[in-house]
Amino acid sequence: MIGKILTVFLLVFTVAGCASAPHGVDSSLYTSTRVSDMQGYSDGLAAVRVDEKWGYADTSGALVVLPQFSQAGSFSEGFAPVRFNTRWGLIDKNGNYVIIPTYEELGEVSQGLVPVKMNGKWGYLKQPDKVVIQPQFDEAGPFRQGLALVDMGSRKGFISSNGQFVVNPRFAFLGTFGNGLAPASLSGKQDSFGYVDGTGEFKVKATFDMAGVFSDGLAPVLDDGKWGYIDPQGRMAINLKYDDAGPFQNGLAPVKLLDKWGYIDREGAIVIAHQFARAYPFTGDNALVVDLNGKGYYIDRSGRQLHSLTGSISVPSASKALPVNSSLKPAAQTESGQPGTFREGSKAGFVTLEPIEYSLQDEKSGITKYKTSESRIFYSFHPADPGAKSPKTLFVMLNGGPGAGTVVNLLSMNTAPYTLDREHQAEKSGGYSENKFSWTSIGNLLYIDAPATGFSYMVSPESRTMEGRRLEFMARGNFNPFIDAAQIVRTILRFMEDKPAMRDAEVVLVGESYGGTRVSTMLNLLLFHDRYADGSSVFRDEGLVREIKAHFKALFSDQELTPKVVAGQFGRQVLIQPELSGGYQDEISGYMFFGKNGYKDSVMKDLAREAGHEGEFDSYYPFKCRILGGRETAACAIIYWVPHFDRDLYNSSKRSTWSNELEAYAAKSLRNTTALSTVLQYNVADIKPMYATARNNAYRLIFGIATGEGFLNDKDNPPGRVDWYADPQMQKYLPKNPAAMARLISWGESQAQMYKKSEDGRSFSEKDMNRLFGSLNYWDKYLVEMNLSAFLAFTGISDEVERYMINPDSSPRYGLMFLENLTLVNTFLTDAAHDLVIYSPAIPEALLKYTDVVSRVAYKRGSEAPGAELLGMFKVEYKPGAFKSKETPQSANIFYPYYAKSGHSVSSAQPGELLSDINEWLKVR
């Protein structure tokens, strides 16, 4: 039966071929009103799309091969690759198949050879379809001057027609030959593009930001944001002044200036004025252009219109003169219109953590054993740049909340190779841009989303019912600071185990906001691991301790594993606006906000005066502040007064919704799979645990509503209530601590604001992810920026948090861990001028409340005043024998830089200054 079908299939295409334009039919391209796209001419024919199908037209506008293909390539040597349904074949100029469409993909014919993709790899056919170079490459281009560009992994090289490498695959970027030279870059970074000859040796120095293919003796190059042209000796032939530039063909080249395209000659003189929305290189004496109204037509060398297309032409993104078949693995379009690339060594995916058995114990409540559900922890790894300052350093990035996703914050805000920060976007960026402040310049980066935050999710059969999901958050031991820290430590150790080059890396834990508490807990688990196996601590996790010991035994063999030995690898922390001492920190912040208990800051009065609301403090306090601990608390200030003054909680120099919109902007790109692949520098389609088929029992939320008003409501109860936190039915689920309550209300309202400000929630839509990965249950989401259900579990509704006094917003134990870690760990702590959620001046003052271990805290803020130092002074002095587990030093110093323009997200407001300060701090031993 299969044989008969194949025979019929062959007969159909052999006899009928591909339908050419029948006689008596008006086949003129220019009378069609349904033209939506057209390519440039090659071999006298151009591919054209009509009614979403592709065919071919000649230079007179006649359709010589009727539109019938899903995709169509350019003609070369009389043949063109086309896709019919899902498979590729090759046609001649009459539309007849010379290779039946049976292949995964075909490329351009060159020197009688056809690049072909079979079983996921590329090789070469000799017509009609004899394999002459076996499929073995990840990408393969046409032959030019006897050589073909191929891709092995993420590195590029050239092969000869016998399939042997002539230039080994060592380039990150490589283009095709022209004038005996090919554009190339070893790193793919700025200032690294030049030109190599057929041996792979650079003949034009690698100093450009981008380089195009030579044609007509000139090549377009990009430097300092402008394009020009060089000759084969690397000399500037036409000065750098254009916004975009294409290759010369027959003596003319399209160039863009002031958002319009025109044509210049080889002397740089304007031959055809800048007047087009897009202009393509000349083929013979004709060139395709698109006018400012979207109409396409052909012009001659004088600029005179030859044919007009009655249908509008879609204007593709400018190519920035990228070499043909450059073999980059495209992920998206960057702000410059160039394809983004998947960088060698970058990786994204999930670390699956099996159910973990642990216990909590104290004298009052005794011992309770827990077993978590399976968790799948999302990570994104970005290797250090070639020549990075600290190539053996691994920065582990962790946001807080608890419940906030790292991908939406630290990864998005100017630390990774791409940025999603709207304040640092190139013009017409589309939501993301290459980041010139990437920390890959100083080390390797590992971003981790904590359980049920960002892209991480939990798995349990109990998730199928609403009551089951409540119990997952309330009674299963899945969400509290200790198990959270233990899960992330496991994730780091397993990542390092799977990546041998990172096993002995110096690890720098980077925690933002609640990330400070998280990092303090993680370091304590690592440095003083024995106490977490013998029951002497409130938390006992023997499996974690075994994993820690196994990791260090592999590194140090039989050396005694002391805290100092552990600190040899985990001995640095960067704390960006951290919560460190919970209730103590909030208490001091409240005093400072209102000038109470001897503090004279009176931050709220200053804000009131600036906002024109002076005098309100003595006359009006809303009912809201009763459930927030009173009218002069940090909670009341943050949730009522700051928004009342139209100021942003996270950056008081900005209007009230500024930070919310910043996060919504970033999240919108993260929900687009093409943008996400570019930002992660890894193809997300290859991440199997992301697919809906892999997460039938997954959950992220109790209910399906992510916005603040509805996070506890049923999915059919629409958001809109602004007093949800005053509902008596909800009181049992709400945190008792006023500071936690304030953050819950603030986050809830911010989620609602983001929803309203993002085009009626379109940036919250996961339609694009659904198309690739499949649709999820309503209690599961691909991305959760701030998981309010997780936050509640940490601070109020989970069984263990209050019973064992491990609530991070009220318990002083985490600040004590920070102080103990500080005796061994080199610490960087930001001081941001405009952050009110984590008020910087309250941090050192709150540490003074640990009177059993601290004798003195000496500190002085940096300043931008003339002649002042930006680096502040922070020193903790200890009482003798403060920590029984080891000899306590007399004091510990903290690197304490001041950021005068920053709020909570220092990497957003002052990314360059932060990167520079981190680099300087790394030099301190």
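1. The protein chain holds 20 helices and 52 strands; helices (H or I, at least four residues) and strands (E, at least two) are DSSP runs numbered from the N terminus. This is a predicted model, in which local features need pLDDT of at least 70 and side-chain atom pairs count only at pLDDT 80 or more, while totals for chains, interfaces and linings use all residues. Residues are numbered from 1 along each chain as its sequence is written, and side-chain values use heavy atoms, with hydrogens and water left out.

2. Of the 925 residues of the protein chain, 58% count as buried; buried means under 20% relative accessible area, exposed over 50% and partly exposed in between (1.4 Å probe, protein chains only). Among contacts (heavy atoms within 4.5 Å) with a separation of 6 or more, 58% are between residues 24 or more positions apart.

3. The largest nonpolar core has 101 residues, of which Phe 539, Phe 593, Met 604 and Leu 819 touch the most other members. Such a core is a set of buried Ala, Val, Leu, Ile, Met, Phe, Trp, Tyr and Cys residues joined through side-chain atoms within 4.5 Å. Helix 4 (residues 481-498) supplies the largest share of this core, ten residues. Another core, of 55 residues, lies apart from it and includes Leu 420, Ile 576, Leu 670 and Val 906.

4. The axes of helix 4 and helix 5 (residues 515-527) come within 9 Å and cross at roughly 70°. Axes are lines fitted to C-alpha atoms, for helices over the stretch in contact, and angles run from 0 to 180 degrees between N-to-C directions. Helix 4 and helix 5 are therefore roughly perpendicular to each other; angles under 35 degrees count as roughly parallel, over 145 as roughly antiparallel, 65 to 115 as roughly perpendicular and the rest as oblique. Residues making the contact include Phe 482, Ala 486 and Ile 492 of helix 4 and Met 522 and Leu 525 of helix 5.

5. Helix 5 also packs with helix 17 (residues 813-822), at an angle of about 55° and with the axes 9 Å apart. These two helices are therefore oblique to each other. Thr 517, Leu 523 and Leu 527 of helix 5 are among the residues in this contact, as are Tyr 814, Met 817 and Phe 818 of helix 17.

6. Four strands form an open antiparallel sheet in the order 5-6-7-8; two strands pair if DSSP finds at least two bridges between them. Strand 5 (71-72) and strand 8 (97-103) are the edge strands, each pairing on one side only. Strand 5 is joined to strand 6 (residues 79-84) by two bridges, and Gln 71 stands opposite Arg 83.

7. Most residues other than glycine have a negative phi, and most peptide bonds are trans. The peptide bond from Gly 401 to Pro 402 is cis, with omega near -10°; Pro 402 sits in the loop between strand 39 (393-398) and helix 2 (411-415).

8. Two residues other than glycine have a positive phi: Asp 259, at about 70°, and Ser 513, near 60°. Asp 259 lies in the loop between strand 26 (252-257) and strand 27 (260-265) and is partly exposed at 46% relative accessibility. Ser 513, in the loop between strand 44 (506-512) and helix 5, is buried, with a relative accessible area of 13%.
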